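Here's a quick tour of a protein model, going from the overall fold down to a single residue. Have a look at the picture before reading on.

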Amino acid sequence: MPALNYRGRAHPHLEAKIPTLEDADNLGQFVRIGCQHCKTFRFYRPNDIRILIGENIHVLHLRDKFRCEECGSKEHMAVEFKTMMANEIPGLVVRELVETRWVKKPVWRDRKL
Ligand SMILES: [Zn+2]
């Protein structure tokens with residue numbers, strides 16, 4: 001596993017060994033995403049994240065894709081693939097993707113005539 005300060009510049013051969021969302025899905029793992037600053041963590045299904053992002057990226061590239069819902073920062077986000085023990089699964093709250101909506105966001109500028 002590359003160091004935590006990894007920024008996506010590994011040799012392609014090493015890059016191919018880093019687990020992807022598809023790998024996690026095949027292993028029945030969950031994606032644990034959270035903010036280390038706010039101490040809020042949630043569990044997601046790897047396939048939901050893949051649908052949302054639109055590509056099968058590996059775990060170390062995922063960190064930059066999320067922003068904390070509490071503090072709004074990306075800086076303290078931690079993402080890992082987690083294998084849950086059978087006794088940890090009952091009662092586990094998983095955030096499931098219901099739908100994705102396209103939001104219309106106006107962009108304005110003031111123009112002097
Ligand atoms: Zn936060």
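First, some housekeeping. This is a predicted model, where local features need pLDDT of at least 70, side-chain atom pairs count only at pLDDT 80 or more, and totals for chains, interfaces and linings use all residues. Numbering starts from 1 along each chain as its sequence is written.

The protein has 4 helices and 4 strands, and along the sequence they run α-α-β-β-α-α-β-β. Helices here are DSSP runs of H or I with at least four residues, strands are runs of E with at least two, and both are numbered from the N terminus.

The whole-protein numbers look like this:

| Quantity | Value |
|---|---|
| Radius of gyration of the protein | 17 Å |
| Box filled by the C-alpha atoms, along the principal axes | roughly 65 × 40 × 25 Å |

The radius is taken over C-alpha atoms, and the globule rule is 2.2 Å times the number of residues to the power 0.38.

Buried takes 20 or more other C-beta atoms within 10 Å of a residue's own, exposed 12 or fewer, partly exposed anything in between, with C-beta atoms placed from the backbone.

Now for Phe-43, which sits in strand β2 (residues 40-44). Why is Phe-43 partly exposed? Because it has 17 C-beta neighbours inside 10 Å. Leaving out residues up to four places away in sequence, Phe-43 touches Phe-30, Arg-32, Leu-92, Val-93, Val-94 and Arg-95; contact means C-beta atoms, placed from the backbone, within 7 Å. Phe-43 and Arg-95 are 52 residues apart along the chain, yet their C-alpha atoms are separated by 6.0 Å.

Methods. Contact = placed C-beta atoms within 7 Å.
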